[in-house]
Amino acid sequence: MADVITSQLVCPRCKSKNVKEEERLASPGSVSTIGSWRIGWGYAVAIAVIAFGILSIYARGFVDPTLDLLFLSIGILSFVYALYVLAVSLYAARLPRVKKLVCQKCLHEWSLAPENGE
């Protein structure tokens, strides 16, 4: 679950104090951000796909020999996909963290830069 807390900040647009704060990851050359919760989900998906690949390769011994190549291909593709998901998750974990603020009254969004160059 995302780390969302209600802060005592004030919305610059409507001056409401009902502002929620979420930690996000920001790419240095882009305006977009991603939620820090995606890193954990990336690791979980990679583990599940690796388990599926192992199960597929193990199940080759229990199926008809004509399906042997299909199950082997599924297992190899699962490992390649898991490596891709892990690489993206590890890259995202290195991105600087910023605080995204959202006014709950007017839905205005803004970000705060990381403190102390974290």
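Trainee: What should I know before I start?

Mentor: Residues are numbered from 1 along each chain as its sequence is written, and side-chain values use heavy atoms, leaving out hydrogens and water. Because the model is predicted, local features need pLDDT of at least 70 and side-chain atom pairs count only at pLDDT 80 or more, while totals for chains, interfaces and linings use all residues.

Trainee: Which residues form the largest nonpolar core?

Mentor: In soluble globular proteins, nonpolar side chains tend to be buried together. A nonpolar core is a set of buried Ala, Val, Leu, Ile, Met, Phe, Trp, Tyr and Cys residues joined through side-chain atoms within 4.5 Å. Buried means under 20% relative accessible area, exposed over 50%, and partly exposed in between, using a 1.4 Å probe and protein chains only. Here the largest core has five residues: Cys-11, Val-19, Leu-101, Cys-103 and Trp-110. Setting aside residues up to four places away in sequence, Cys-11 touches Ser-16, Val-19, Cys-103, Cys-106, His-108 and Trp-110; contact means heavy atoms within 4.5 Å.

Trainee: How many aromatic pairs are there?

Mentor: A pair of aromatic rings is described by the distance of the centres and the angle of the planes. Rings of Phe, Tyr and Trp (its six-membered ring) pair if their centres lie within 6.5 Å; planes under 30 degrees apart are stacked, over 60 edge-to-face, and the rest tilted. The count comes to two pairs. Tyr-58 and Phe-62 have ring centres 5.4 Å apart and planes at 65°, so they are edge-to-face. Tyr-81 and Tyr-84, with centres 6.5 Å apart and planes at 35°, are tilted.

Trainee: Is Ser-36 buried or exposed?

Mentor: Ser-36 is buried, with a relative accessible area of 17%. Ser-36 lies in the loop between strand S3 (33–35) and helix H1 (37–59).

Trainee: What covers the buried residues of H1?

Mentor: The cover includes strand S2 (19–26) and H2. Among the buried residues of H1 are Ile-39, Gly-42 and Ala-46.

Note on methods:
Helices (H or I, at least four residues) and strands (E, at least two) are DSSP runs, numbered from the N terminus.
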